[in-house]
Amino acid sequence: MGTSFEVESDLRKTSGSLNDPRGTLSVWVGNAGNRVARVAANTIMALKSSTWWAFLVVVAAIACVAYADNRVEGVSLGYLYILPLSFSAILLSPRLTYGIVVVCILFHDLFGPPIHNVQGRILHNLAALVGFAFVVAVLQWFVAQRNALNDLTRHQRDELLKEVELAAEVQRLFLPSSDLDTAGFEIAGDMHPARVVGGDYYDYLARPDGRMRLVIADVSGKGVAAALLMSATAAAVQLETNEPRKLCEVASHLNKELYALQDDGRFVTVLLGELDPRNGKLKYINCGHNPALLVRADGGEAVWLDASWTPVGMSPEMECSLEEITLAPGDIMVWYTDGLTDASDRGVNEFGTKRLLESVRQHSSGSAREICDQLWRDVAAFTQRDSLDDDLTLMVIKMKNVLEPIHFPPFSD
């Protein structure tokens, strides 16, 4: 009821004003005021959505052109308005830009050389309007194409990042999900890829007879290609570990499988070992990998398990033989990839094996996890950089005790 009453009252007021000439004038003025208010509101919204500094530059440029056009006699400089209009078409909104075109036409007519012929003046301004509008329309079309291309590229980049992140999640499934802590030893490891995905791999796999297979590998190169070869390496190692094969046979089968998978000269350095917690014996094969570090508990003597064979996947055939070393309670082994020792600071100084040994000795009283975490912190503190140049992977094995020998099948190799 209240609404209908107000509407009827407004209608009576309007009809009365239409009969009165003064009322008609007031209605016309009111409508014009509403239009001006709407135009002003749209202009303010356009200004809010545009870049203020770009708008100020355009205004200043138009003022300079108008001043020069007014000072120069006999020659029209109206074509110079194309420069601020081009800037506006690229950086400001279309609605605001076409408003600026109208302003430029007014300035062009006001400050340009006087044309006393009305028709000539109209044609002159109309030609300027067509030229300015054409330039603005072409530039805005190019800007729209550029923005569409940027949106498409951004969308494709986001989709690719999602796929790479999914690949990284799949890659992490090949790595141990947790640290290992048994009565005889404890193992902790970490992989820090230089990119979203990496070409390093480490694992520890229990054998049915109580022994533990240890492996760390580094694919040549980095990025997606290295990550794919790393996944193949991880799958092959896990498959080979489930078979009752000797370590040398595992390395030979792994070499054949990886050699058949790639044809671009890539290879994989592998350190493969088998640890028996009952007597502390470690049998290993180092195929071109960085020498593992063994720090003895009594005196901190350092022993390096150097490479004795070529990397895996370089040739169709590979021959190798086992190396053996005995671990004692308190001994610490660090298996790592070259991303650790080759990590460099801003002065291109490498972390190196000397700092690695000092860090292990300094923190030898901690657990395998504490030593692993501290090594990573030492490398990060040394490099003082936000990113790595190469994938960094390390695995720390600390002997807690040598278990009493019990009956178990002898080593197959």
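Begin by selecting helices α3 and α4: in this predicted model, α3 passes α4 in a left-handed crossing.

**Stop 1: the helix pair**

Helix α3 covers residues 52–71 and helix α4 covers residues 82–91. Two packed helices are described by the angle between their axes and the distance between the axes. Here the axes come within 9 Å and cross at roughly 165°. Because angles over 145 degrees count as roughly antiparallel, α3 is described as roughly antiparallel to α4. Next, show the side chains where the two helices meet. On the α3 side, select W53, A54, V57, V58, A61 and I62. Their counterparts in α4 are P84, F87, S88 and L91.

**Stop 2: the whole chain**

Zoom out to view the protein chain, which contains 11 helices and 11 strands. Of its 413 residues, 40% are buried. Consider also the contacts between residues at least 6 apart in sequence: 73% of these join residues at least 24 apart.

**Stop 3: the open sheet**

Now select strands β3, β4, β5, β6 and β9. These five strands form an open sheet in the order β3-β4-β5-β6-β9, with antiparallel pairing. Which strands lie at the edges? They are β3 (200–206) and β9 (323–326), each of which pairs on one side only. On average, neighbouring strands of this sheet are turned by 15° against each other, direction ignored.

Within the sheet, select β4 (residues 212–219) together with β5 (residues 268–276). This pair runs in the antiparallel sense and is joined over eight bridges.

**Stop 4: salt bridges**

Side chains of opposite charge can pair when their charged atoms come close. The structure holds 12 salt bridges, and three of them are visited below.

Select D151 and R154 in helix α6, which spans residues 118–173. The two residues are three residues apart, about one turn of the helix. Their salt bridge has its closest N and O atoms 2.9 Å apart. Are these residues buried, partly exposed or exposed? D151 is partly exposed, at 45% relative accessibility, and R154 is also partly exposed, with a relative accessible area of 40%.

Move to R369 and D190, whose salt bridge has its closest N and O atoms 2.8 Å apart. R369 belongs to helix α11 (residues 368–383) and D190 to strand β2 (residues 185–192), so the pair ties together parts that are 179 residues apart in sequence. R369 has a relative accessible area of 23% and is therefore partly exposed.

Finally, return to the sheet and select E324 and K281. They form a salt bridge in which the closest N and O atoms are 3.8 Å apart. E324 lies in strand β9 and K281 in strand β6, so placed that the pair links distant parts of the chain, 43 residues apart. E324 is partly exposed, with a relative accessible area of 46%, and K281 is partly exposed at 31% relative accessibility.

To finish, select D179, D190, R369 and D373 together: salt bridges that share partners join these four residues into one network.

Key:
Residues numbered from 1 in each chain as written. Predicted model: local features only at pLDDT ≥ 70, side-chain atom pairs only at ≥ 80, totals over all residues. Heavy atoms only, no water. Pairing = 2+ DSSP bridges. Helix = DSSP H or I, 4+ residues; strand = E, 2+ residues; numbered from the N terminus. Axes fitted to C-alpha atoms, helices over the stretch in contact; angles between N-to-C directions. Salt bridge = Lys/Arg side-chain N within 4 Å of Asp/Glu carboxyl O. Buried < 20%, exposed > 50% of the residue type's maximum accessible area, 1.4 Å probe, protein only. Parallel < 35°, antiparallel > 145°, perpendicular 65-115°, else oblique. Left-handed = near helix turned anticlockwise from the far one by under 90°. Contact = heavy atoms within 4.5 Å.
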